[in-house]
Amino acid sequence: MLSGLMMDYPLTLNAIVEHAKRMSPRKTIRTKLPDGNWHEYSYAAFHRRVRRLGNALAALGVEPGDRVATFAWNNYQHLEFYFGIPCAGAVVHTLNIRLSHEQLKYIIDHAEDKVIFVEGSLLPLIEPIANQLKTVKRFVLFNLAEGQECNLPNISYYEDLMAAADDDYEWRCADENMALGLCYTSGTTGMPKGVLYSHRSMMLHTLGVLAAAALGPTEMDVVLPVVPQFHAMAWGLPYACAWVGSTIVMPGPHLQPAPLADMIESERVTIAAGVPTIWNGLYHELRRNPRDISSITQLVVGGSAMPRGLIEAYERDFGVNVAHAWGMTEMSPIGSVAKLQTRHQDLDAGDCWDIKAKQGYFVPGVDARIVDDAGNELPWDGETMGELQVRGYWVAGGYYKIERDQEHFTDDGWFRTGDVVTIDAQGYMTITDRTKDLVKSGGEWISSVDLENALISHPDVLEAAVIAVPDERWGERPLAVLVPLNGEHDSQALNAYLLERFPKFWLPDEYVVVDEIPKTGVGKMDKKALRQRYADGEL
Ligand code: ADP
């Protein structure tokens with residue numbers, strides 16, 4: 001090796017906390033508490049609390065490598081866990097509060113969590129299984145309501161532990177290849193699987209998120225992560241914002257459209273990030289009861305496809321720019337973003353919205369290809385559909401405690417996303433479906449996602465899900481499940497509307513009206529549940 005190379009400086013999370021304290025000590029983290037009051041403190045105070053947490057964890061007997069879980073909304077304490085647990089060498093395991101008891105128990109046992117930090121309002125969701133958990137030695141409580149009772153065994157109170165802990169602390173995460181975090185996929189298409197992030201992968205992901213080509217928050221931004229911290233690391237925003245000193249606004253449990261609208265207005269939020277369901281709700285709220293959301297420079301949306309109609313509506317009605325992103329728990333999660341590029345500058349608004357409705361270009365750090373069933377690479381022509389495979393600095397190389405298999409990983413080192421996509425000549429990707437949700441009718445593919453997007457752009461439709469149902473003649477046929485905007489719809493009118501866009505064989509055989517489309521723990525349409533309801537004769 002040549003002499004005089006750059007220093008070998010580890011990619012470990014403590015660098016972010018230290019940098020935040022040095023560079024942005026007076027910038028603030030604001031949390032809307034369960035009682036509606038605001039909590040605010042500075043990055044300097046945050047730094048002190050993260051170090052104390054390290055000592056508190058040591059006092060609880062937490063060793064490097066131990067898994068320490070969180071069961072919480074987005075708030076400053078959860079942010080402390082995000083940093084304090086990995087900086088103590090342990091692994092922060094974010095539990096999805098919306099999972100069933102069975103799934104939660106499975107995940108906690110599988111991860112072998114030793115300690116769980118539990119927020120007061122969520123106690124009823126975990127108490128029923130607490131005595132069945134095999135490895136949990138201690139529950140640490142915070143944000144309890146006045147006089148709130150608790151039926152968990154082996155409890156400590158977070159603030160008591162912090163009060164007893166010292167400020168002096170040596171970080172315990174010297175090696176960048178140590179595990180930092182554990183997040184289970186939300187199980188939209190199967191049993192949840194654990195994705196284990198390292199300090200190195202998460203630090204590189206954070207740099208990736210900070211690139212202007214990705215989300216690019218800066219010190220000037222006021223960032224509202226509506227995406228829960230228990231969903232795919234809140235898309236990396238907590239780490240990215242702390243590194244550059246953005247103001248962070250944590251919504252706590254206040255995720256309904258009206259309080260979100262109030263928060264964006266009063267805090268002058270510039271970047272807000274959430275799934276389409278949230279922005280759909282906010283849009284209708286703002287139409288009914290206007291607020292000033294003009295501070296927003298990027299309404300970041302991902303997790304499932306943002307309908308083009310909603311992107312257009314935000315820009316047309318409120319002048320708010322939408323940044324549509326694609327990612328996966330397995331990708332830490334950022335994969336691609338649909339921002340405009342030089343050649344789009346002269347396009348009219350309609351063409352720009354078409355581009356923003358795509359899942360976009362791959363961010364620097366992520367490499368992608370599409371392949372057919374036999375594994376042959378397919379062209380980037382915007383038409384040929386194939387399975388998307390990715391690799392990169394923050395892409396999963398396996399699942400936690402599961403043997404690496406060919407269903408998810410290729411022999412030549414790519415991760416199989418399970419998304420079926422096209423990529424155009426400029427590298428913009430469009431998701432046509434998930435492999436498990438495609439409808440195969442008479443040997444031809446029908447994209448359930450395309451049908452849903454078209455249906456939801458019809459003025460009578462509030463929500464729409466399309467699922468494949470077995471059909472004797474065609475193998476499978478599409479069935480549309482609808483929530484009409486005013487309780488009524490006209491199937492013939494919808495068919496005519498779809499026929500303007502798709503071939504006749506794509507038209508759903510039937511429209512079924514429901515009160516609500518079931519959602520998964522992270523707010524995606526739960527098509528697995530819909531398929532089950534259909535199989536049980538309930539649709
Ligand atoms: P799960 O796999 O359990 O649903 P994830 O939240 O990790 O949990 O989901 C990743 C998947 O979500 C992607 O593979 C893709 O199918 C879907 N997805 C994420 N972002 C988008 C988007 N912008 N448009 C369409 N689908 C998306």
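Reply: Leaving aside neighbours within four places in sequence, Trp-279 is in contact (heavy atoms within 4.5 Å) with Val-226, Ala-272, Ala-273, Gly-274, Leu-299, Val-300, Val-301, Met-306, Leu-310 and Tyr-314. The model is predicted, so local features need pLDDT of at least 70 and side-chain atom pairs count only at pLDDT 80 or more, while totals for chains, interfaces and linings use all residues. Residues are numbered from 1 along each chain as its sequence is written, and side-chain values use heavy atoms, with hydrogens and water left out.

Trp-279 belongs to the largest nonpolar core, which has 150 residues; such a core is a set of buried Ala, Val, Leu, Ile, Met, Phe, Trp, Tyr and Cys residues joined through side-chain atoms within 4.5 Å, where buried means under 20% relative accessible area, exposed over 50%, and partly exposed in between, with a 1.4 Å probe and protein chains only. Phe-83, Ile-116, Phe-117, Tyr-239, Trp-279 and Tyr-314 have the most contacts inside this core. Apart from it lies another core, of 17 residues, including Ala-454, Leu-455, Val-466 and Tyr-511.

Helices (H or I, at least four residues) and strands (E, at least two) are DSSP runs, numbered from the N terminus. By class, the contact of α7 with α8 has nine nonpolar, one polar and no charged residues, with Ala, Val, Leu, Ile, Met, Phe, Trp, Tyr, Cys and Pro counted as nonpolar, Asp, Glu, Lys and Arg as charged, and the others, Gly among them, as polar. The axes of α7 (residues 199-210) and α8 (residues 237-244), which are lines fitted to C-alpha atoms over the stretch in contact, with angles running from 0 to 180 degrees between N-to-C directions, come within 9 Å and cross at roughly 70 degrees. The two helices α7 and α8 are therefore roughly perpendicular to each other, since angles under 35 degrees count as roughly parallel, over 145 as roughly antiparallel, 65 to 115 as roughly perpendicular and the rest as oblique.

In the loop between β10 (222-225) and α8 lies Ala-234, which has a positive phi of about 50 degrees although it is not a glycine, and which counts as buried at 0% relative accessibility.
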